[in-house]
Amino acid sequence: MKIVKKIVVLVSPLLLFVVLLVPYSWANQQFIVDWLGCGCPILDEFGNMVENNFNANDFTALFWLFISVCATAVAVLLSKRFLKEKTWLRVLYITGIFLVSLIISYVFFQMMLWN
């Protein structure tokens with residue numbers, strides 16, 4: 001049972017994504033897109049893109065990237081406490097959390113993309 005608790009604690013940084021998905025999705029639809037624009041390309045009469053400003057898509061990408069960095073930072077702190085005896089396991093754990101969080105960030109970004 002002690003090992004299961006340790007595993008649950010070590011996977012807990014990924015819960016940031018679960019907790020933040022619904023509130024951010026709601027805020028994105030209600031406020032962010034009105035504030036920054038939808039990310040749809042603005043074309044002139046010749047079909048050329050007129051402007052490429054910072055928009056809700058860019059903000060969403062940066063937000064989920066920031067959450068990935070936060071999850072990795074929490075993983076570093078947890079690894080110092082729970083995996084202090086094996087350095088190779090700490091590096092593997094931190095790398096794994098970072099890669100999984102980047103994949104989750106990419107999926108959430110694609111899910112919330114304004115076209």
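User: Where is Phe 98 found, and why is this residue called partly exposed?

Analyst: Phe 98 is found in helix α4. A helix here is a DSSP run of H or I with at least four residues, a strand is a run of E with at least two, and both are numbered from the N terminus. As for exposure, buried means under 20% relative accessible area, exposed means over 50%, and partly exposed is what falls in between (1.4 Å probe, protein chains only). Phe 98 has 32%, so it lands in the middle class, partly exposed. Keep in mind that this is a predicted model, where local features need pLDDT of at least 70 and side-chain atom pairs count only at pLDDT 80 or more, while totals for chains, interfaces and linings use all residues. Residues are numbered from 1 along each chain as its sequence is written, and side-chain values use heavy atoms, with hydrogens and water left out.

User: How far apart are Phe 98 and Ile 7 in sequence and in space?

Analyst: They sit 91 residues apart in sequence, and 16 Å lie between their C-alpha atoms.

User: What makes Val 69 partly exposed?

Analyst: Its relative accessible area is 46%, so Val 69 goes in the partly exposed class too. You'll find Val 69 in helix α3.

User: Why does Lys 84 count as exposed?

Analyst: Lys 84 has 57% relative accessibility, so it passes the cut-off and counts as exposed. Look for Lys 84 in the loop between α3 (56–82) and α4 (87–111).

User: What does Lys 84 touch, not counting residues up to four places away in sequence?

Analyst: Lys 84 touches Ser 79 and Arg 90, with that sequence neighbourhood set aside. Contact means heavy atoms within 4.5 Å. Ile 94, ten residues from Lys 84 in sequence, has its C-alpha 13 Å from that of Lys 84.

User: How do you know that Thr 60 is buried?

Analyst: Its relative accessibility is 0%, so Thr 60 counts as buried. This residue belongs to helix α3. Leaving aside neighbours within four places in sequence, Thr 60 is in contact with Tyr 24, Asn 28, Phe 109 and Met 112.

User: And what makes Ser 105 buried?

Analyst: Ser 105 has a relative accessible area of 7%, so it is buried. Ser 105 lies in helix α4 and touches Phe 17, Trp 64, Leu 65 and Ser 68, not counting residues up to four places away in sequence.

User: Why are Phe 17 and Phe 108 called an edge-to-face aromatic pair?

Analyst: Two numbers matter, because a pair of aromatic rings is described by the distance of the centres and the angle of the planes. Rings of Phe, Tyr and Trp (its six-membered ring) pair if their centres lie within 6.5 Å; planes under 30 degrees apart are stacked, over 60 edge-to-face and the rest tilted. The structure holds nine such aromatic pairs. For Phe 17 and Phe 108, the centres are 6.2 Å apart and the planes make 70 degrees, an edge-to-face pair. The pair bridges distant parts of the chain: Phe 17 is in helix α2, Phe 108 is in helix α4, and 91 residues separate them. Trp 64 and Phe 108 form an edge-to-face pair as well, at 5.0 Å centre to centre and 70 degrees between the planes.

User: Which residues do ring pairs link into a cluster?

Analyst: The cluster is Phe 17, Tyr 24, Trp 35, Phe 59, Phe 63, Trp 64 and Phe 108.

User: Which residues of the largest nonpolar core touch the most other members?

Analyst: Out of its 19 residues, those are Leu 10, Phe 17, Tyr 24, Ile 32, Trp 64, Tyr 93 and Ile 97. Helices α2 (15–36), α3 and α4 each supply at least two residues of this core, and α3 gives the most, with six. A nonpolar core is a set of buried Ala, Val, Leu, Ile, Met, Phe, Trp, Tyr and Cys residues joined through side-chain atoms within 4.5 Å. Leu 10, for one, touches Leu 78, Phe 82, Leu 83, Tyr 93 and Ile 97, not counting residues up to four places away in sequence.
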